[in-house]
Amino acid sequence: PLFLGGARWANYSMQKYGKKSLKELLAGKEEEVALKAIQAYFQIILSNDLVRVNQNALRAAQANYRQVK
């Protein structure tokens with residue numbers, strides 16, 4: 001095992017860099033999940049506001065219809 005021509009050291013180095021790469025990938029995925037959660041939160045707020053605006057527009061249109069009728 002002592003005379004492997006550096007294969008063991010090279011394997012160790014590759015594993016170390018692979019682990020670092022996967023750690024960074026995981027951190028990126030965590031940030032992506034947090035970003036998607038924030039986006040979903042604001043989409044819900046926007047959807048609720050759009051529903052409220054459309055309901056107000058419907059009430060105004062119904063009132064106009066009753067006046068015209």
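**View 1. Glu32 in a predicted model, a partly exposed residue.** With a relative accessibility of 35%, Glu32 counts as partly exposed, because the range for that term runs between the buried limit of under 20% and the exposed limit of over 50%. The model shown here, as in every view that follows, is predicted. Glu32 takes part in a salt bridge with Lys29, and its side chain also meets that of Lys36 in a salt bridge.

**View 2. The salt bridge between Lys29 and Glu32.** In this pair the closest N and O atoms are 4.0 Å apart. Both Lys29 and Glu32 belong to helix H1, where they are three residues apart, or about one turn of the helix. Lys29 has a relative accessibility of 45% and therefore counts as partly exposed.

**View 3. The salt bridge between Lys36 and Glu32.** Here the side chains of Lys36 and Glu32 meet with an N to O distance of 3.3 Å. Lys36 and Glu32 are separated by about one helical turn, because they are four residues apart in helix H1. Lys36 is exposed, since its relative accessible area is 51% and the term applies to values over 50%.

**View 4. The salt bridge between Arg52 and Asp49.** The side chains of Arg52 and Asp49 meet in a salt bridge, with a distance of 3.0 Å from N to O.

**View 5. A nonpolar patch on the surface.** Ile38, Tyr41, Phe42 and Ile45 form this patch, and together they have about 410 Å² of accessible area. Tyr41, one of the residues of the patch, is found in helix H1, which covers residues 7-68.

Terms used. Residues are numbered from 1 along each chain as its sequence is written. This is a predicted model: local features need pLDDT of at least 70, side-chain atom pairs count only at pLDDT 80 or more; totals for chains, interfaces and linings use all residues. Side-chain values use heavy atoms; hydrogens and water are left out. Patches are made of residues with over 30% relative accessible area and no salt bridge: like charges are joined within 9 Å, nonpolar side chains (Val, Leu, Ile, Met, Phe, Trp, Tyr) within 5 Å. Accessible areas come from the Shrake-Rupley method with a 1.4 Å probe; for residues, only the protein chains shown count as cover. Helices (H or I, at least four residues) and strands (E, at least two) are DSSP runs, numbered from the N terminus. Buried means under 20% relative accessible area, exposed over 50%, partly exposed in between (1.4 Å probe, protein chains only).
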